[in-house]
Every structure is written in C-alpha cells, then in structure tokens.
Amino acid sequence: MQRGVSYWVMAPLRWLARMADVPLRAWQRLTGQGGMIALFLLPNMAIFTVFVLVPLVMNALYSTTGGVEFFLADRPYIGSDHYQRLLDCGSYLDPLSCRDDMFWTAVWNTARFVIFQVGSIILVAMITALILNRAIPAKAFWRAVFFFPVLLSPVVVGLIWKWILQRQGLANLGMVELGLEPVNWLTERFWAFVAAVGVSVWAHMGFYTLILLAGLQAIPRDLYEAAEMDGTPPFRVFYRITLPLLMPNLLVVLVLALIRAVQIFDEAYVLTGGGPGTSTMFITQYIYEVGFANLLRNPGLAAAASILMAGVLVVLTLIQLWLSQRAGKR
Amino acid sequence: MAEPTGGETLMRWLVARRGKTGDGRGWHWTDIATWIWLIGGTILMFGPALWLVLSSFKTPAGLAEFPPTLLPYTQQTVQVDGAEKPLFTVTLEDGSEKTMAELRRVGIVAQMVDPDAPEDEVLRVNISERTPIREVRFALENYTQPFLQFDFLLYLRNSVFVTLMATLITLLTNSMAAFALSKYDFRGRNAVMLLIIATLMVPLSVILVPLYSVVSATGLLNSLWGVILPTVATPTGVFLLRQYMLTIPDELLDAARMDHASEWQIYWRIVLPLAAPALAVLAIFSVVWRWNDFLWPLVVLSRKELYTLQIGLNTYAGELNVQWHFILAMTVVAMIPVVLVFVFLQRFITAGIAGTGLK
C-alpha cells in the first residue's frame, strides 16, 4: 500500500498515544475525572511555573540584593538601593544629571523611539489598511506584500538594513542619484536613531495593517451606501463613519504597538549595537548589558530596571485588556 | 454592446475599486494614489530582501563596488603564463579597441599584453584608457564555503532542532492544558485562566535575570533544552486553543464516554482532530517564533557549538573583519524557512492574525 509522508509522521504518534492510553486509563480508574484534569494540566503548568512564575517572584528578590553572583543565596540583601540608584536624578529630563546615566539615556531613547515608531506605524498601517479595503484586484496578494517582513527574524531584518544603510550601500546610492549628500546612516547619532525607528516600522507595520483591515471589513456596508445616497463628501464619511467605528481596533493596535515598542531590542541591537555612543541603546538592551555583560555585571540592578519596565507594561496591558473586552461587548 | 478590448478590460480591472460608487470607468485621483501606494509598497517591502538575495551572489570585489550593480558581475580572467590575469578592453592611441590582459599595475599605468600573443611587447596603458570586461556570475561559493569553513551546518542543525522540538512540545502541552480548561468544570479553573491571561503580559526581557538563574540551577545552561523549555508553555497558545476548543460541542464527548472511551482517548481522538485548524495556526506561529528567537538564545548559549543560526549570524556580523559575502549568503539561508512558510501558508497566518491578534 502506498503511504504518504503524513502517515509516517502520524503513525508513531498514534502508536505512542495508544501505548499511553493503558497507564492513563488505570490512572483514570484510580483518581476519576479530577485526576485526569490534573494530568492534562500538569505538563504545561509545571513548565509555566518553573520558567515563568518562579522567575517572576525571584525577580523581586534579585532587585533587592547586591553583588555579581547569580545564585540567590550568595547575594546579600541590600534593600531598595538599586531602585534608589536608578531613580536618583538631578533632573529626570537630563540623563547626565542621574547617578545611573546609562539607564536614563536608555529610558529617554526608548520613550522617543516609542513615540516616533508607534506614531508612524499607526499612520502607515492605517493608510495601508484603508487602501487594501478598497475594491482593488488581487487583494490577497497585496495583503501578503505588506505582511511579508513581519515573518522575518529580527537578525535578518537588522542585517538586510545594515547592508542597505552602510556607507556604500543602496540607500546612499539613492541619495547620490537624487543629488543629495550621502548619509552615514548607522554612525551618526541622529540618523542611527532614524534608521532604528524606520527599520522597526518596516518590520512590524504589516501586522497592525491586518488587524485594522479586519476592523474595516467588519464595518457594515449599508452605512456607506446610506452616506452615499445623502451625497456625503468622502472626507466626512471617513471622519463620521470609518474612524468612530474603527476606534476600538485602533485603540487595541495603539496599545499593542506601545507594548511591543517599549520592549524594542533585537533589530536595533543587530542594526546599530546600541550605538553610536548610546544613541540607540534601549531599555531591554540596558537590562541585557547590565545583567550579563562581564564588565558591568549587576543582575540586581538589571532586575530592578526590569521591574520598573514591567510596571509600565502592566499598565499598558491592563488598558489593552479593558479595551478589547469593551470591544468584544459591543 | 461590443466586446471590450484587452486594453479596456485591463483599465476597467485597474480602476475597479470604485465598485460601489462609480461605474468603474475613468481614473479618480484616489485610484492613482492607491496604485502608487501599492506598487511603491511592494518595492519597499520586497525590494530589500530581493537586494539581499542578489547581493549574496556577489564576490567580495563585487560587493565593495560603488555604485553597486543589480546583478552579480565578475571580471573575466584569462590564463597568461600559467597565472589568472584580468581582462580589459583597452582603447588604443589610434582609437581602436582591443581585448588585453593586465600583467601588473604601477600607479596609474597598467602593463597590458595581448592574451593570444603573450610573447608580444608589453603595452603601457593609462588605467583610464581601459574598462574591465565583466560577465554575470553567481558566486555560489558564498553558499558552499560557510558550510565547510564555519560551523554553519552546526548552527543550522541547532536551529532546526530547537524549532521542531519547541513546536512539538508547545502543541502537546498547550493543547492538553487547553482541553482541561475548556472541557472540564473544576474548582480553580477561573484562577488558572486568570493566571495565564495575566502572564500574557510578561515579556521575556522582564524576567531575563531570574530566568537565567533558574535555567542555570536546573543545569540547562549551555544546552539547547535551556532554549526550548522556557518558551513552550506559552500562554498565547493555551489561550488560542482554549477559545477554539470551547466551540467543540460537549455532546460529542459525552457520546464517546457512553462508548467507554477514556478521557485521554477523547482528547487524542476527538478533540485534537477537531481542533486541527487552531493547532495548525499555532504550529505555524511557533515555528516562526522559535526560528526567529534571538535574545533568549543569546543569553543561554555561550558555547559556540550550540549557537543557533540567528546567534551565529549576529556573531559573524559583529566580528571586526565583516565578511559580507558570507554573511549575506547565510542570512538568505536563515530566511528560507520563513519564506517557505510565507509562500505556502500566508493565507492561514493572515487569517489567524486578523482573527486573534496573535503574533
């Protein structure tokens, strides 16, 4: 008998499942349904507990202990020193006046990044979603075009753009062709930051476009037909129908994009390595460097910084849950 | 009405967007803006990746060239006295052109010789009087050499192992938990759900330090399992599968129980096959997530032979002597699985995202 690939993948799995059934049936007889529930939950919950819940609790302990050791028992309790160090600032607006100037540089870089990245993403994703919602041919193809970079790994994204933005790269060829001066995209503070924002928008906007598109397609057509009968100008149609009805999706997109942007690390790290200087050093990189770099290793400080960051994320997530719940009720 | 011509049909197709408003005839300025956006977007979204692929076939000399060419060119060479010499077209003093090989170059003067008659006199030519003869050649050695020279194959194997194992375990454990949370009523169910939803918000970067120490305490440091295990109990997966399993009617399960099926059999033979669409979406996502992971493997793996592709690539790119011709080729290889997923499963992914907001 001819057998396909899926048979050879599934057959051993089926056999294993059948073998597993014998002891499991005995267990079910012994403990009843309650025992089975426990058994079904066990693998996931065990892994979840060990690798998510325990670290969450430990994070708090780490942030109140000092030293360079990773083993918690070797770390002396120092109270809120790390938090005091992180929050000790002459002026919060000026990183250089802070005791931990690197942290505040990272904070302000991240804040700036979040504002520009999320702003551009929403603008670009919104326009793209509106365009993809029109009666254009080959819709699935265009949707896929804008979605493609979302699947690429941050390392690949970073390297692609590093290759294009380098001194003798394609981007500068374009600049020269346009009669402009070539730009040191990755070695000038200002342009490196612009590149980090732009590359990250390129890599993620397709994801938000899809969510907005789904929202646009859920708006009933007869509303538009009615507006058209009344001869409503297109701009007012957008302002009075599309925007209000899309608002729940737009807010979810906004908060999701914010949550992601706060955690920016990979693409920027591959693209610029945080540099030049500290111009593209973001909070996650700060946590990584302070937690693991041999020279300035201070796991407690990194943990304290991550707890401060988690505070921001918790607030954002609560807003998001609340919004999506409200959107679900509508 | 006459049959529309091909051109007319095409025009109508292109402006068809006005659908419900216009009659599909004539261009509105919004049509033009739409097509500019779509075509410009295509160039901007696909262009960089395409440029990477084209560049990956260039030789180091071709890569260093400015302005860069679209296709990979290399200079033709010829054997002169047992050595490879580059070929040029030389403009002679009388204005005629001749194909010659360069023996050596001193400052701005090149010593050229006719490759067909190398015994003839050596011509001294100003280097501005000659242009290299080039041909399109794909530098496949960019792809073959990393496999032999570096630990590239090792990295590839590590990445495949991590991706496959993590996806299998994710699917199994998440579906079991989702089954328990959707098909049984028990005390504490809501508490478990709440816990899972609450941790949806915990990104890895927040628990980086303690997670490292947990992994180190369990002896998984510098092991691929240390990369795999922390990622498999994803709350997103449990949440997605549970929402899907809630739509499977309980009557099916009760009928199976009447036939003395064990709970495990109900899970394995009824619920899992019925949840196949949701499992497929999660599987695709898990593959993409794990293949692309960077920060966590970077922290856990410090032994070079355990590096995944993404870490290995970044290490190469960070080394002082950036060998772009190898890096570009390896980046293309790292892109291949994702491009395959994209080409074959893009419909499911986009539907999955639009429906669940998952990434």
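The side chain of A:Thr64 reaches the backbone oxygen of A:Leu61 at 2.9 Å, and A:Thr64 lies in the loop between helix 1 (5–63) and helix 2 (81–87) of chain A, where helices are DSSP runs (H or I, at least four residues) numbered from the N terminus. Not counting residues up to four places away in sequence, A:Thr64 touches A:Pro76, A:Tyr77, A:Ile78 and A:Gly79, contact meaning heavy atoms within 4.5 Å.

This is a predicted model, in which local features need pLDDT of at least 70 and side-chain atom pairs count only at pLDDT 80 or more, while totals for chains, interfaces and linings use all residues. Residues are numbered from 1 along each chain as its sequence is written, chains are lettered from A and ligands numbered from 1 in the order in which they are written, and side-chain values use heavy atoms, with hydrogens and water left out.

Between the chains, the contact takes 97 residues from chain B and 97 residues from chain A. The area buried there (accessible area, 1.4 Å probe, lost on putting the two parts together and summed over both) is about 9,100 Å², of which carbon and sulfur atoms give 78%. The count between chain B and chain A is 1 salt bridge, a side-chain nitrogen of Lys or Arg within 4 Å of a carboxyl oxygen of Asp or Glu. On the side of chain B that touches chain A, the largest share, 16 residues, comes from helix 2 (residues 29–55) of chain B.

Helix 2 of chain B has 27 residues and reaches 37 Å from its first C-alpha to its last, close to the 39 Å expected at 1.5 Å a residue, a span taken as 1.5 Å times one less than the number of residues.

| Salt bridge | N to O distance |
|---|---|
| A:Arg134 and B:Asp31 | 3.2 Å |
| A:Asp21 and A:Arg25 | 3.5 Å |

Because A:Asp21 and A:Arg25 are 4 residues apart in helix 1 of chain A, they are separated by about one helical turn.

Methods:
Helices (H or I, at least four residues) and strands (E, at least two) are DSSP runs, numbered from the N terminus. A polar contact is a pair of N or O atoms within 3.5 Å; within protein, one must be able to donate a hydrogen and the other to accept it, and residues adjacent in sequence count only if both atoms are side-chain atoms.
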